[in-house]
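Dear colleague,

Please find the structure we spoke about below, followed by my notes on what turned up in it. I would be glad if you read them with the coordinates open.

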Amino acid sequence: MGASDSRMGLRQHLLDLIDRSGLSDRQLSMLANCSEDTIRNMRRGSALRLDTLEALCHALGGRLEIVPLHEPRKPPKGLPAVEKRPAWSDRLREEIRQDLVEILGSGDKGGSPKNGAE
């Protein structure tokens, strides 16, 4: 998820899922046991009730979930945890960190040596 995705609202995420589902708004509304105009009305700005939102998520193959903001998300049972970063990425991060320390630590705007000798 990119930076722009993280600020996308719930409504827009849901509409994106609906658009990618391949079903018409009416078909999906009926599949979720809602009024046939539920999604059309949502597109027009109507707010959804929680039970309707849950039903639409379920019909789309997902679920509505509330998770703590500051705790790492645990993968659902049966799915592997996040894989460990490869060793080369750790080495690259360390090289970049060292380069930044060198660049930021040695450069004053005048370009004179650190010890003040000329």
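In these notes a residue is called buried under 20% relative accessible area, exposed over 50%, and partly exposed in between, with a 1.4 Å probe and protein chains only. Please keep in mind that this is a predicted model, in which local features need pLDDT of at least 70 and side-chain atom pairs count only at pLDDT 80 or more, while totals for chains, interfaces and linings use all residues. Residues are numbered from 1 along each chain as its sequence is written, and side-chain values use heavy atoms, with hydrogens and water left out.

The secondary structure comes to six helices and zero strands, where helices (H or I, at least four residues) and strands (E, at least two) are DSSP runs numbered from the N terminus. Of the 118 residues of the chain, 13% count as buried.

Leaving aside residues up to four places away in sequence, Leu14 touches Met42, Leu48, Leu53, Leu56, Cys57 and Leu60, a contact being heavy atoms within 4.5 Å.

Turning to charged side chains, a search of the whole structure finds seven salt bridges, each defined as a side-chain nitrogen of Lys or Arg within 4 Å of a carboxyl oxygen of Asp or Glu. In one of them the side chains of Arg43 and Asp19 meet at 2.5 Å, N to O, and this pair links distant parts of the chain, with Arg43 in helix α4 and Asp19 in helix α2, 24 residues apart. Arg43 counts as partly exposed at 36% relative accessibility, and Asp19 is also partly exposed, with a relative accessible area of 49%.

Another salt bridge joins the side chains of Arg40 and Asp37 (3.2 Å, N to O); Arg40 is partly exposed at 37% relative accessibility, as is Asp37 at 28%. The side chains of Arg63 and Glu65 likewise meet in a salt bridge (3.0 Å, N to O), where Arg63 counts as exposed at 58%, whereas Glu65 is partly exposed at 37%.
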